[in-house]
Amino acid sequence: MLNRDPEREASRPSRQSRFGSATEPSLQGEGLARFRRAYRWLNLTLIHQGIWPLLVVVFGAPVTSIGLTPFPWYWARVAAPALAALLALAYLRQQPGPAPEKQDARNASAFPTARQQAALLIVGVTILVALLRLVQGPLVPVGKLELFGVADVAAYQAINFGVAARGLSGGATLLPVALFALSWGAHDLALAGASGGGTDLLLAFAVGALFGLAIGVTSWALRRWPGGFLPASAFHVLVVYLVLGYLR
């Protein structure tokens, strides 16, 4: 019977060491994960931004403001962002991210009330303005606009700051802001192309992207302080749909 040489066995590189430990993430696996996140963001953005322009071009949907969109076309218009938001939230629920980092103990102990009051103020003002707009009327167009605004904002926030931001760290945390602006610009570009009104497409994309960048930066800041989904989303609805009247 052949005897094993312990020194020879020790010096021989193991199969696992030559090909890497199974517990260490490979570059290939990390690249595949990034590709999947980008592909998922693209699919959700196409659902969010592409369905209504497609209906305008292919099926002759009316080119009009949200509040004046007739039924049943309105339900098709609001269904696109609502579906995108539901799909994004379903993914986030099934694939929970890492636990949030602990906040600085001094800030957490010194400003708990300030954070809560700021969040409640933003959400409360948004709800109050929405009710005042409904009372001011006309009821149906304003109601259409506000319902669409809730679905649209939920899609923007969940796709860009939820799905796209999953797994990011360090300097890459600003990537969702860039994607937010890109999505907004793509929306304005698609609507300008579908309307066929001779609008400069490049200008439409640039203006939309700049406006989206401003909303994205503000949302990113509000997600850091006072923190959370609701303050950023409420501010988004307040500025875009209740104050500026930016009818998308």
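By the rule used here, the count comes to one cavity of 30 Å³ or more. A cavity is a set of points, on a 1 Å grid over the protein atoms alone, where a 1.4 Å probe fits but cannot get out. Grid points are joined across faces, edges and corners, and the volume is the space filled by probe spheres set on the points. Rolling a probe the size of a water molecule over the atoms shows where empty space is left. The model is a predicted one, so local features need pLDDT of at least 70 and side-chain atom pairs count only at pLDDT 80 or more, while totals for chains, interfaces and linings use all residues. Residues are numbered from 1 along each chain as its sequence is written, and side-chain values use heavy atoms, with hydrogens and water left out.

The largest cavity has a volume of about 90 Å³. Twelve residues line the largest cavity, and the closest to its centre are H48, W52, R77, F148 and H187 (a lining residue has an atom within 4 Å of a point). Sorted by type, the lining comes to six nonpolar, three polar and three charged residues. Here Ala, Val, Leu, Ile, Met, Phe, Trp, Tyr, Cys and Pro count as nonpolar, Asp, Glu, Lys and Arg as charged, and the others, Gly among them, as polar. Helix 3 (27-59), helix 4 (73-94), helix 7 (139-163) and helix 8 (175-195) each put at least two residues into this lining, with helix 3 giving the most, four residues.

Those helices belong to a protein chain with ten helices and zero strands (DSSP runs numbered from the N terminus: helices are H or I with at least four residues, strands E with at least two). Of the 248 residues in the protein chain, buried ones make up 34%, where buried means under 20% relative accessible area and exposed over 50%, with a 1.4 Å probe and protein chains only. A84, found in helix 4, is buried, with a relative accessible area of 0%. The C-alpha atoms of A84 and A158 are separated by 8.8 Å, though the two sit 74 residues apart along the chain.

L139 is found in helix 7 and is exposed, with a relative accessible area of 56%.

Note on methods
1 Å grid on protein atoms, 1.4 Å probe; cavity = no way out; pocket = protein on both sides within 12 Å on 5 of 7 lines; lining within 4 Å.
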